[in-house]
Amino acid sequence: MAERKQNILIIGAGLCGSLLALRLAQRGYNVNVYEMRPDLRKVDISAGRSINLAFSSRGNKAIKLVGLEAQVKALCIPMHGRMIHDKNGDTFQSNYSGRPDEYINSISREALNALLLNEAEKHDNVHIHFNRKCTSVNFENTTAHFKTYDTDEEFIEDADCIIATDGAGSTLRKSYYAGKKFLFSFSQNYLTHGYKELTILPEGENGYKIHKNALHIWPRGSFMLIALPNLDGSFTVTLFLSYAEGKYNFNNLTNKQRVTAFFEEEFPDALTLMPQLTDDFFSNPTAPLGTIKCSPWHYRGNTLLMGDAAHAIVPFYGQGMNASFEDVVELDAVLDANESQWETVFSEYQSVRKKDTDAIADLAIDNFHEMKAHVANPIFKQKRKLEMALEQVFPEQYTSKYALVTFNADVGYRHAMLKGRAQDKAILNLIANGTIASNFKATKEALAPILEQINSSTQNILESDRIAGLS
């Protein structure tokens, strides 16, 4: 417990902010949270931009920390693998792991956020204020300037420290940049693709029109469609498409006839599942996809960036929310050793965390290319088939890059990236040069020498990367 109940001001009551408020309240701090949007428990604020979340072990580690594992599990739908749809409507499933207990979960952003807000507000030392937009932060004086939406009232709040979890458009991060009081590095890189949310409605009462326990992907090389299940039998569908390139793009899909023609040509089986497609398409916004990196995340012991405010990533590894939740776990661990010594806490937190958030940002870009194209590539299919076999036969000795990232919460993202990339390169090289035959037998006797070759090649690649300064 803190020696005195210090006052923490959190900007943003999204997933990261509400979890952080709950955990800091459990530690005994007085917490005030200010959110610019209305209370999502009372008003629908998704506006066609929800992108269902893929909840996995890193996020669950944070949920365990605050004691909500059972409540969150009730909101989850297990997804054991990717269900790949080709243009003919044929499907095949590519599991995420050869170990049966490793899978990701589809979960509603709104339902999870509402649960965290409810749990945070059970604490007398937490107060959450909605419709309060932060317009600037004086990070030297530890004060934040707000405007109330319904009355236009402006006011200033101070605290012992301010933590910004206000997303990719963070006001605190903008104040760092605009303040020019210290050396602040910032990059914002957009993909040439954007996304649009669509829907597959339920079949009757909570009936699923396609396989419930999978993440569905329609990979088409330079673009793709994905669908994640919801508890009510519907699927949240997301189209990822270039703004300007290709025969069909967001800039030229300007009428219902052209949108229908696009889906008839590229996603005919999905089209039959979405009779309301064109209504959704023109009702919901097209939104950009970007990566944000910055440094430092903190100013002395006064202010700190967390979650997307510090490290927004594209959604293709399903790790955005998991990474933000892991932020809370990592900050909590630093607090254990340096309770309320904010400058030490923030400095130590960034030193252990930033290398991992940079890594998952890069991995998410990698997975974008994998999902829209590589999953349908024969050599990639062979690699995944081999990895599934290795994880089934040697569950303690082999772990794929995907499993390292998604199911191993005690392995840092950077370590998972370096080892996983080297392992991928080793396997692809061994397949390409014929060392691993496509008709391998999934037995211990047959796989043992293959595993030895993969491990040896992986270590050689890692050593070469180390010498070259790439790791």
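In this predicted model, the contact between helices α10 and α11 involves residues from both partners. On the α10 side, the residues are Ala323, Glu326, Asp327, Glu330, Leu331, Val334 and Leu335. Their counterparts in α11 are Trp342, Val345, Glu348, Tyr349, Val352, Arg353 and Thr357. By class, the contact of α10 with α11 comprises 8 nonpolar, 5 charged and 1 polar residues.

Helix α10 spans residues 320-337, and helix α11 spans residues 342-372. The two axes come within 9 Å of each other and cross at roughly 140°. Because of this angle, α10 is oblique to α11; an angle would have to be over 145 degrees to count as roughly antiparallel. The crossing of α10 past α11 is right-handed.

The loop between α10 and α11 contains Ser340. Phi of Ser340 is near 70°, which is a positive value in a residue other than glycine. Ser340 has a relative accessibility of 18% and therefore counts as buried, the cut-off being under 20%.

A positive phi also occurs at Asp152, again a residue other than glycine, with a value near 65°. Asp152 is placed in the loop between β10 (143-148) and β11 (154-158). A further backbone feature is the cis peptide bond that joins Ser295 and Pro296, with omega about 0°. Pro296 belongs to the loop between β17 (286-295) and β18 (298-299). Most peptide bonds are trans, and most residues other than glycine have a negative phi.

Another serine, Ser106, is part of strand β7, which covers residues 104-107. Ser106 has a relative accessible area of 1% and so is buried. Leaving aside residues up to four places away in sequence, Ser106 touches Asn52, Leu53, Leu75, Cys76, Ile77, Met79, Leu228 and Pro229. One of these residues, Pro229, has its backbone oxygen 2.7 Å from a polar atom of the Ser106 side chain. The side chain of this buried serine thus has a polar atom placed 2.7 Å from the backbone oxygen of Pro229.

Methods. Residues are numbered from 1 along each chain as its sequence is written. This is a predicted model: local features need pLDDT of at least 70, side-chain atom pairs count only at pLDDT 80 or more; totals for chains, interfaces and linings use all residues. Side-chain values use heavy atoms; hydrogens and water are left out. Axes are lines fitted to C-alpha atoms, for helices over the stretch in contact, and angles run from 0 to 180 degrees between N-to-C directions. Helices (H or I, at least four residues) and strands (E, at least two) are DSSP runs, numbered from the N terminus. Angles under 35 degrees count as roughly parallel, over 145 as roughly antiparallel, 65 to 115 as roughly perpendicular and the rest as oblique. A crossing is left-handed if the near helix is turned anticlockwise from the far one by less than a right angle, and right-handed if clockwise. Contact means heavy atoms within 4.5 Å. Ala, Val, Leu, Ile, Met, Phe, Trp, Tyr, Cys and Pro count as nonpolar, Asp, Glu, Lys and Arg as charged, and the others, Gly among them, as polar. Buried means under 20% relative accessible area, exposed over 50%, partly exposed in between (1.4 Å probe, protein chains only). A polar contact is a pair of N or O atoms within 3.5 Å; within protein, one must be able to donate a hydrogen and the other to accept it, and residues adjacent in sequence count only if both atoms are side-chain atoms.
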